Amino acid sequence: MNIKCLEKARKLVKGFLDQKEQGFIPEINFVEKLLKIKADELDLLGCRLSEDDIKHLSREIHSEETITIPRASTIMSKDKEPWLHTLDNPSTYYSDRYKNYLNTDEGFSRQVVDKIFKTTEETLDFMTNPNIDTACIKKGLVMGNVQSGKTANYLALINKAADVGYKLIILIAGIHNNLRMQTQSRVNGGFIGFDTILGEDIGVSKYGFDNRPFSFTSTKYDFKKDIATSLNFNPENSTVPVILVIKKNSSTLKNLLDWLETNKTRSAYSTYPMLLIDDEADNASINTKKNPNETTTINRQIRQILQMFQKRSYVGYTATPFANIFINPESKTDEYGDDLFPEDFIVSLESPSNYIGAEQIFNTKNNVLRLIDDNEICLDVKLKKDDIVDCLPYSLYEAINTYLLATGIRKLRRNKNLHSSMLINVSFRIAIQEQVKELVVEYLEIIKKHIKYNYKKSIKEMIKNEKINLLYSCWLKEFKDEKTKFQDVLEQINQNEQLIKVFLINSKKTQEEKLNYDNYNEEGLNAITIGGYSLSRGFTIEGLTVSYFLRNSQMYDTLLQMGRWFGYRNGYDDLCRLYMREEAIGWYKHISEATEELKEEFKIMNDHDLTPRQYGLKVKNHDESLIITARNKMFHSSDATISINYYGELIETRKISNNDKKIQANLDNLKKFISNLPNSQRDKNETKNLLWKDIQVDSILGFIKSYENHPLNIKTDASTIEKYLISQNITSFDVTIISNSKKDSDPYKISDSITIYKEMRSSFIDNATLQISGNKSRVGSVSDEKIGLENIENLKKSLNGKSLSGVDYRRIKTKPLLILHILKIKKKDTEDDYPNNLQAVVAYGISFPGQSSGGRKINSVTYKVNNTWLKNNFDTENEDDENE
């Protein structure tokens, strides 16, 4: 059966599944039975399913419906005022259309669609309520992975925003024309439901064509003031939302500002609730001026647009938030207002289970990567614009052969994604790209001719031909375990040879055909795309199967954005290949680790209810050639070296999570830990406090890993402590739990045989954090560190009567001491009683043996950090150790 008929059958099944209860996942045999029941209905559509068709489609639909997506992480301002629940029967018209479109037409699993809209509702609830009468602005940032589906997320937000009363939506869609056109096309299908160039209904229109949103832009035309004026659209006489999809370009933004500032337009639109979505918000939107009183043009223009409306929301979207986290939250000017710091919320999207990202490609075992080591003669990475390219590396010819074979295999598999593409990114210089294209086109015509005249022969006869022999060698190297036959694959390549085309993707205007997959939706396009910057930053290459990458950018964000090979490859992920130099593979491994670490920090911030202003972030620096983002985007950042070195140091949990569940979890963790300590190792000579000696390190790590550590305590991070213990081969600890000597403090029963007296503490308290405010923010006292030491008198003599400090005690230790505290906490500088939820709060410290903290360097990592991180981590961590 042809692919079009399979799509009709798929939509029938999807339509039926949409009526099933939430969470229902169809087994393969259920889909098979359903397809057999639907056979007559399909016959009427001119499609007859074979047994093989039914089995193929059933496996595919079952696989789709099992795709899941974790919940997004969010940090928000304490000033958040939820409002969605206050709306009386809000419309769901636009949202329902888009949900149906994602489920049935785009093949999203219902679980993924449900999660997308759940995240959308949470994001919308952080934004300005469009129905209030007072002026209000909200600003936020949504982070996702490269090629992970941010467009689907912001289209869900646009549809939902239109339902609840947003009237004007401005979508700034990147700096390149091709990206703006692609984004407009997706808005046409996913929100408007109409293509003005074709003059026909598309996409969501099949699920409702009333109340069509009005657009001032099209796939052909960006926003122009004269066109907008000539359309003579009067918002006061309309109930439909208005949308503009514009390029992030100072001229376009000036056009829009000029139009908005005209008296007629301003009076009509200024009271409109306005949503501004800034796609690729880390690119061109950042104010790169060092002087806080100066602004870059595009940054200024976006802020000016926001100031023109009374009720407005700004939402930035990016996969590479490195530049955004370095925006100074205090930056503002009288003329243009606050900078674009995401004051009100930051949302970190998770990717669906079928997403293939940097972590999967570069830090797990796979069959994707192929090494380029032969490019220097033909395609050196430092080619200048006047250099001549008269040959291609053998590895590039091999990559093209691999792509042709993979395309043939996909045709035989009847993969639902009709399009198949190859990416060639070897230089940002247009002159070099043009020469490479000529050589690729020349080779492609030659190899297609050889296939045409040989594909019907036996393999023995075929491989007598030099070109076919190379193609067969590639087959044996890459696809020898493939069930299909080599001859059948060549036949598919020959049948589709007119649809194998080479496209140059760059900013140069040309009369050549532009890449537009929508023009080939009937039969599918096989596109070899050649370009540089225009192939990055949000532009989607449909069905990308083989990539050949030679670029040598130095920036994390640029390199990640060039990674068009990230994304979804359902049904052909085993065919995908990525050709890259060894040095670049190392870069991507490092960037992947740094990005995953950043996302983990974000989850921790989310768990501890921290706000964007408290979002102290660090990004791991590269030791050699890479930088995180453009240097002019990092004026408000600093370098900080974090040593994995506790030699001769005391570390403590000086900040504690003010969350009832976490406080109780830490208390339960302590009780379990103490109860499991062997009584035989308890030191009966310690009468005031409790002491256990020589406790195995695994038991200690179990307690530390289970402890809910506040993210602002960088020194008590469990993974960092574990690395240090392993590096120093530390196998045992002493353990003490402190009991207050003042018996008028509350007793606390840990077990039937152990009762201690709680320590009384005052604290700076907010919704998320308890900041211990004793002597220099210390949790314990110096005397705690001498517990278990036997040679203190000798130490005193050696210091000639000088009072002892923690540093002195650590010098004579032979093993670390874990110091446990149960605190009773009240707010500092008040006469208030101790709150009920802070009657028993667990904190801990570790006193590590060693001469001094500077005596031995173990290992260190340098990070680029924002100002908030510096303030959080160095205001109280660098004090001198006090004496007893």
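A patch here is built from residues with over 30% relative accessible area and no salt bridge, with like charges joined within 9 Å. In this predicted model, one such positive surface patch is made up of K33, K36, K55, R59 and K483. The chain behind it has 884 residues, 58% of them buried, and carries 26 helices and 33 strands.

**The chain as a whole**
- Among contacts with a separation of 6 or more, 80% come from residues 24 or more positions apart.

**The positive patch**

**Salt bridges across the sequence**
- Searching the whole structure turns up 43 salt bridges.
- One of them pairs E478 with R370, with the closest N and O atoms 2.8 Å apart. That pair links distant parts of the chain: E478 belongs to helix 17 (residues 466-479) and R370 to strand 14 (residues 369-371), 108 residues apart. Both E478 and R370 are buried.
- D574 bridges to R413, and here the closest N and O atoms are 2.7 Å apart. The two are 161 residues apart, with D574 in the loop between strand 19 (567-568) and strand 20 (577-580) and R413 in helix 14 (residues 394-413). D574 is partly exposed at 38% relative accessibility, and R413 is partly exposed at 22%.
- K715 and E649 make another salt bridge, the closest N and O atoms being 3.4 Å apart. K715 is in the loop between helix 22 (697-706) and helix 23 (718-727), while E649 is in the loop between strand 22 (637-643) and strand 23 (650-652), so the bridge ties together parts 66 residues apart in sequence. K715 is partly exposed at 26%, whereas E649, at 14%, counts as buried.
- Salt bridges with shared partners also join R10, K14, E60, E64, E65 and R110 into one network.

**Around K225**
- K225 is found in helix 9 (residues 225-231) and, with 31% relative accessibility, counts as partly exposed.
- Setting aside neighbours within four places in sequence, K225 contacts N255, D258, W259 and T262.
- K225 and L257 are 32 residues apart in sequence, with their C-alpha atoms 9.2 Å apart in space.

How values were computed:
Residues are numbered from 1 along each chain as its sequence is written. This is a predicted model: local features need pLDDT of at least 70, side-chain atom pairs count only at pLDDT 80 or more; totals for chains, interfaces and linings use all residues. Side-chain values use heavy atoms; hydrogens and water are left out. Helices (H or I, at least four residues) and strands (E, at least two) are DSSP runs, numbered from the N terminus. Buried means under 20% relative accessible area, exposed over 50%, partly exposed in between (1.4 Å probe, protein chains only). Contact means heavy atoms within 4.5 Å. Patches are made of residues with over 30% relative accessible area and no salt bridge: like charges are joined within 9 Å, nonpolar side chains (Val, Leu, Ile, Met, Phe, Trp, Tyr) within 5 Å. Accessible areas come from the Shrake-Rupley method with a 1.4 Å probe; for residues, only the protein chains shown count as cover. A salt bridge is a side-chain nitrogen of Lys or Arg within 4 Å of a carboxyl oxygen of Asp or Glu. Lys and Arg count as positive and Asp and Glu as negative; His and the chain ends are not counted. The place of a charge is taken as NZ of Lys, CZ of Arg, CG of Asp or CD of Glu.
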